[in-house]
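Please look at the sequence and the fold shown here before reading on.

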Amino acid sequence: MTTISVLSLSYNDEQCIDMYLDGALTVADEIIILDGGSTDLTVPIIKQFQEKYPEKIKLIHGLNVCPEAYEKQIKDQYGRVLQNGHFGQMRQYLYSQATGDWVFWLDTDEAVSDNARETIFNVLKQNPEFDCFDVEYIHFVHDFSHIDNSEPVHIGINRLHKRIPDVRFDFYNHALPQAQWKCKGQLYKHVMIYHLGYAKNLFDIWERYKRNLLYSEMHTGMQMCFWRDWHYFDYAKKKVNPQQIGIPQAIIKRFEFGNYEQRL
């Protein structure tokens with residue numbers, strides 16, 4: 001029987017770790033979380049879930065097993081810290097612990113569509129030659145009635161792939177899985193990832209603006225204009241009906257909202 005490992009990094013995610021786990025449990029045969037020394041309730045919440053699912057959830061204290069990954073600080077030409085730690089090394093260690101036939105990478109502020117597991121297995125059965133998939137995802141902006149439409153499609157690159165020996169994680173930041181994939185596919189409109197990073201309202205808008213726009217070396221000028229206009233200075237001109245984009249039960253349970261207009 002084909003199995004799926006959900007792998008994630010955590011650090012001070014008490015606001016959303018329960019949502020993430022509720023969603024991941026609907027997909028995974030095993031969930032492995034590498035925690036970077038959280039000082040809030042992240043670890044106690046994970047341990048509560050472990051008590052209910054001891055065979056399924058594994059928590060690893062990253063500072064104990066790969067301390068060098070957390071010690072590295074990448075700085076720009078002005079001496080400003082761009083990333084506290086090397087995500088690539090963290091993910092490489094996580095990957096070494098997986099036992100599933102397939103690996104699904106999720107962040108701890110993300111949830112998956114309710115039918116993700118069934119859909120994944122259907123797609124795998126229909127496409128046995130594929131060994132890697134990109135997954136479409138949705139950014140919520142400020143609340144559940146606004147999504148980020150600044151790009152035609154948001155793509156989680158290499159989010160689902162076979163567990164093969166030669167996968168590398170060379171980049172320190174996004175640290176995408178890199179390998180010589182035999183045949184790559186897309187799960188667009190089949191499996192969705194819902195990202196709450198922009199909806200939690202826990203980040204200072206100006207700090208996000210500086211980090212993602214002023215300091216960005218990853219986006220073109222046009223893309224940065226979109227980021228500025230959509231993420232920071234205004235809502236999308238057209239609201240969406242959240243019921244039409246199928247918000248998963250893990251998110252609904254976490255926030256217990258009936259009014260999609262409410263702010264978090």
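The questions below concern a helix pair and a strand with its partners.

This is a predicted model, in which local features need pLDDT of at least 70, side-chain atom pairs count only at pLDDT 80 or more, and totals for chains, interfaces and linings use all residues. Residues are numbered from 1 along each chain as its sequence is written, and side-chain values use heavy atoms, with hydrogens and water left out.

Q: Are H1 and H2 roughly parallel or roughly antiparallel to each other?
A: Helix H1 (residues 17–25) and helix H2 (residues 42–52) pack with their axes 10 Å apart, at an angle of about 30 degrees. Angles under 35 degrees count as roughly parallel and those over 145 as roughly antiparallel. H1 and H2 are therefore roughly parallel.

Q: Which residues of H2 make the contact with H1?
A: Contact means heavy atoms within 4.5 Å. On the H1 side the contact is made by Ile17, Asp18, Leu21, Asp22 and Leu25, and on the H2 side by Thr42, Ile45, Ile46 and Phe49.

Q: Are the residues on the two faces of strand S11 buried or exposed?
A: Buried means under 20% relative accessible area and exposed over 50%, with partly exposed in between (1.4 Å probe, protein chains only). In S11 (residues 192–195), Met192 and Tyr194 lie on one side and Ile193 and His195 on the other, and all are buried.

Q: Which residue of S11 is the bridge partner of tyrosine 137?
A: Two strands pair if DSSP finds at least two bridges between them, and strand S8 (residues 132–139) pairs with S11 in the parallel sense over four bridges. The partner of tyrosine 137 in S11 is isoleucine 193.

Technical notes. Axes fitted to C-alpha atoms, helices over the stretch in contact; angles between N-to-C directions. Parallel < 35°, antiparallel > 145°, perpendicular 65-115°, else oblique.
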